[in-house]
Amino acid sequence: MSWRDRYPEEVTCVRCLEVYDQERLDRMLWCDVCRVRARERAALYGWLGGAVFGLACAVYVWFAIRPTDLIVGAWTAPLVMAVWIGQKVVREFIYGAMLLSNSRAVEAVPPGS
């Protein structure tokens, strides 16, 4: 028995309140468009979190490690990687939080707007 057997053929997306065919929704009852929007929003917050993490790493390198003038440029690649990895981690945490909260009608647009 599948989870889809419990629902009718047409189901309402819980985020945008649009009615879709059952096959277009996932297990959280999100449509494709809402999933893409949530991923994009999580990516934006991910880059912000990654920038904060990279800045924290740069402050640590500058004050704790105190690189010499000859190798300051050599720390650029590790700090860029810290930002990239940080944004990946934060993005997945934010998207997971969106999935867990499963806020109703977040993407809904009132009629006439």
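W30 is found in the loop between β2 (19–21) and α1, in a model that is predicted. Its relative accessibility is 0%, and W30 therefore counts as buried, the cut-off for that class being under 20% relative accessible area.

When residues up to four places away in sequence are not counted, W30 touches C13, V14, R15, R24, L25, R35, A38, Y95, M98, L99 and N102.

## The largest nonpolar core

W30 also belongs to the largest nonpolar core, which has 14 residues, and C13, C16, Y20, L25, W30 and C31 are the members that touch the most other members. The elements giving two or more residues to this core are α1 and α2, and α1 gives the most, with 3 residues. In soluble globular proteins, nonpolar side chains tend to be buried together.

C31, one of the members named above, touches C13, C16, Y20, R24 and L25, again leaving aside residues up to four places away in sequence.

## Packing of the two helices

Helix α1 covers residues 32–65 and helix α2 covers residues 76–101, and the two pack with their axes 6 Å apart at an angle of about 140 degrees. Because angles over 145 degrees count as roughly antiparallel and those from 65 to 115 as roughly perpendicular, α1 and α2 are oblique to each other.

The crossing of α1 and α2 is right-handed. The residues of the contact of α1 with α2 divide into 18 nonpolar, 6 polar and 5 charged.

## Two residues with positive phi

Most residues other than glycine have a negative phi. L29, although not a glycine, has a positive phi of about 65 degrees, and this residue is found in the loop between β2 and α1. With a relative accessibility of 13%, L29 counts as buried.

N102 likewise has a positive phi, near 45 degrees, in a residue other than glycine, but N102 is found in the segment after α2. At 14% relative accessibility N102 counts as buried, and, not counting residues up to four places away in sequence, N102 touches V14, M28 and W30.

Conventions:
Residues are numbered from 1 along each chain as its sequence is written. This is a predicted model: local features need pLDDT of at least 70, side-chain atom pairs count only at pLDDT 80 or more; totals for chains, interfaces and linings use all residues. Side-chain values use heavy atoms; hydrogens and water are left out. Axes are lines fitted to C-alpha atoms, for helices over the stretch in contact, and angles run from 0 to 180 degrees between N-to-C directions. Helices (H or I, at least four residues) and strands (E, at least two) are DSSP runs, numbered from the N terminus. Angles under 35 degrees count as roughly parallel, over 145 as roughly antiparallel, 65 to 115 as roughly perpendicular and the rest as oblique. A crossing is left-handed if the near helix is turned anticlockwise from the far one by less than a right angle, and right-handed if clockwise. Ala, Val, Leu, Ile, Met, Phe, Trp, Tyr, Cys and Pro count as nonpolar, Asp, Glu, Lys and Arg as charged, and the others, Gly among them, as polar. A nonpolar core is a set of buried Ala, Val, Leu, Ile, Met, Phe, Trp, Tyr and Cys residues joined through side-chain atoms within 4.5 Å. Buried means under 20% relative accessible area, exposed over 50%, partly exposed in between (1.4 Å probe, protein chains only). Contact means heavy atoms within 4.5 Å.
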